[in-house]
There are 2 protein chains.
Amino acid sequence: MRPDMVNGMQCRSQAARTGRPRSAAADAAILEATRTALVELGWSKLTLGYVATLAGVAKTTLYRRWAGKNELVVDAVAELFDELELPDRGSLAADIEGVVLQFAAILDRPEAKTALMAVVAESTRDEPLRERIRTSIVDRQKRLVTEGRARAQARGELPPEADPGSADRTAALIFDVVAGAVVHRTLVSAEPADEEWVRSFTRVLLVGLTGAAADGAGP
Amino acid sequence: MRPDMVNGMQCRSQAARTGRPRSAAADAAILEATRTALVELGWSKLTLGYVATLAGVAKTTLYRRWAGKNELVVDAVAELFDELELPDRGSLAADIEGVVLQFAAILDRPEAKTALMAVVAESTRDEPLRERIRTSIVDRQKRLVTEGRARAQARGELPPEADPGSADRTAALIFDVVAGAVVHRTLVSAEPADEEWVRSFTRVLLVGLTGAAADGAGP
DNA sequence: GAGCTTTCGCTACGAGTCGTAGCGTAACTG
DNA sequence: CAGTTACGCTACGACTCGTAGCGAAAGCTC
């Protein structure tokens with residue numbers, strides 16, 4: 001198989017300007033059909049054959065573009081996170097609440113519920129897949145953390161970082177706490193991350209960050 | 001554990017003391033073989049036929065005891081969480097760090113990595129499976145939160161709760177934050193939840209809890 | 001236009017897994 | 001002993017997988 005696929009993989013490096021181009025409409029139809037199939041069947045019962053039928057393309061077309069089910073679903077779900085953005089609500093607390101609510105809304109969709117954890121589980125034994133998830137899903141979320149953090153520091157709501165290494169570690173910690181809590185609440189506890197919960201969570205996080213930072217460099 | 005309802009199938013309700021009993025050794029061998037197979041193959045490539053061969057039993061025996069792959073793996077992984085307990089290290093911070101490190105150690109095993117998220121993903125479309133995960137895995141962790149919280153309140157490190165409803169919500173929040181953060185750190189960020197990380201996380205959480213509680217009811 | 005290149009839809013195929021049924025035997029009970 | 005249940009084993013149809021091969025279609029370059 002030729003690994004010159006689209007959607008994340010460097011499609012047709014540069015010398016392949018000739019020949020019939022791949023249908024962009026087919027791409028959109030396939031990803032849309034994948035999400036529909038995820039809602040109808042869930043991750044485990046989803047087959048590429050059914051996705052192909054649903055999208056109105058041949059099964060072989062799917063295999064020409066994606067290496068397998070994992071990669072296809074990652075791309076299909078990644079589009080759901082395109083709408084994530086950092087609103088400016090005036091305060092750090094309000095910004096956090098806004099982002100968390102957006103994230104919770106995406107996670108509440110059935111296609112995201114069933115697919116996200118499944119591909120993460122697969123990625124534990126598939127390093128390229130984890131890299132794909134990271135670049136197309138995780139990093140996009142993580143950027144919101146660093147941006148919101150920088151904005152809060154500009155506002156004076158958070159103290160500036162001493163050294164960049166510490167800043168990176170703190171950003172990673174915040175990200176794991178926020179994303180992990182919302183995911184766990186939604187998928188494991190199976191209860192809604194509604195406004196009340198998000199408010200409580202934000203208060204704990206915010207107090208923990210400002211207070212802990214005020215504690216100094218640490219023990 | 002009850003000897004006949006281990007797998008959740010209503011095999012012998014109560015008045016079935018006659019006939020050949022099920023081999024307890026086979027149960028242990030099957031669950032052990034399941035974990036071995038998870039390490040060797042991962043969740044997606046694990047087949048019940050291979051587990052049966054590994055355990056030295058017939059494939060039909062597996063289907064007689066478990067409804068399918070999901071239930072089997074849940075039981076196999078649930079045993080990993082038996083070692084979880086709440087150490088008394090003298091302070092709330094040290095207690096939290098101890099429990100989180102235990103949890104992280106379990107999550108660091110390859111069989112837990114690949115299986116936990118997979119069954120959670122499946123449970124989003126399978127309510128009985130979610131209930132099984134809840135009772136055999138999640139609730140066991142959650143109990144540690146309530147116990148540690150009660151102990152900290154007895155020590156005076158945390159203020160007592162106003163009403164029990166608020167206490168339940170707070171415990172649920174803490175649980176989602178702790179478990180979610182560790183899981184996300186380990187599986188999504190794919191970085192170790194080592195002592196340094198756990199210390200930073202505990203400081204944020206602890207300051208967030210005590211400070212937020214000191215804030216009063218809040219807006 | 002002609003010619004080349006690549007994609008597309010379609011069919012077919014071997015390989016592998018699934019979950020079940022049937023049968024004879026083994027183990028425990030009263 | 002008879003009765004009951006679990007076990008090992010074999011075999012089966014149904015399904016999915018991923019690939020190969022074919023002719024046709026859609027672009028680009030000349």
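This section describes the fold, the chain pairing and the DNA surroundings of a predicted model.

Chain A is built from helices, with 9 helices and 0 strands, and its sequence accordingly reads as the pattern α-α-α-α-α-α-α-α-α. Of its 219 residues, 40% count as buried. Among the contacts of chain A that link residues at least 6 apart in sequence, 65% join residues at least 24 apart.

The mean pLDDT of chain A is 89, and 89% of the residues score at least 70. Within chain A, helix α4 (residues 69–78) carries the highest confidence, at 97, whereas α9(A) has the lowest, at a mean of 89. Over residues 1–15 of chain A the pLDDT is below 50, and this stretch makes 18 contacts in the model beyond near neighbours in sequence. Residues 214–219 of chain A likewise have a pLDDT below 50, with 1 contact in the model beyond near neighbours in sequence. Where pLDDT is low, the predicted coordinates should not be read in detail.

The contact between the chains takes 39 residues from chain A and 39 residues from chain B. On the side of chain A that touches chain B, the elements giving two or more residues are α1 (24–45), α6 (110–123), α7 (127–155), α8 (164–188) and α9 (195–214). The most is given by α8(A), with 12 residues. By class, this side of chain A has 21 nonpolar, 10 polar and 8 charged residues. Because 97% of the interface residues of chain A are also interface residues in chain B, the copies meet through the same surface.

Both protein chains contribute to the surroundings of each DNA strand. Around DNA strand C there are 25 residues, of which Gly19(A), Arg20(A), Thr60(A), Arg20(B) and Thr47(B) come nearest. At least two residues of the surface near DNA strand C are supplied by each of α3 (59–65) of chain A and α2 (48–55) and α3 (59–65) of chain B. This surface divides into 7 nonpolar, 11 polar and 7 charged residues. DNA strand D is surrounded by 28 residues, and the closest are Arg20(A), Thr47(A), Gly19(B), Arg20(B) and Thr60(B). Here α2 (48–55) and α3 of chain A, together with α3 of chain B, each supply at least two residues. The surface near DNA strand D has 9 nonpolar, 11 polar and 8 charged residues.

Helix α6 of chain B (residues 110–123) has 14 residues and reaches 20 Å from its first C-alpha to its last, close to the 20 Å expected at 1.5 Å a residue. This helix is mostly covered, as 13 of its 14 residues are buried. Leu107(B) lies in helix α5 of chain B (residues 92–107). Leu107(B) counts as partly exposed because it has 18 C-beta neighbours inside 10 Å. Leaving aside neighbours within four places in sequence, Leu107(B) is in contact with Ala112(B), Lys113(B), Val182(B), Val183(B) and Thr186(B). By contrast, the C-alpha atoms of Leu107(B) and Gly148(B), 41 residues apart along the chain, are separated by 21 Å.

Technical notes. Residues numbered from 1 in each chain as written. Chains lettered and ligands numbered in written order. Predicted model: local features only at pLDDT ≥ 70, side-chain atom pairs only at ≥ 80, totals over all residues. Contact = placed C-beta atoms within 7 Å. Helix = DSSP H or I, 4+ residues; strand = E, 2+ residues; numbered from the N terminus. Nonpolar A, V, L, I, M, F, W, Y, C, P; charged D, E, K, R; others polar. Near = placed C-beta within 6 Å. Expected span 1.5 Å × (residues − 1). Buried ≥ 20, exposed ≤ 12 C-beta atoms within 10 Å, placed from the backbone. pLDDT = per-residue confidence, 0-100.
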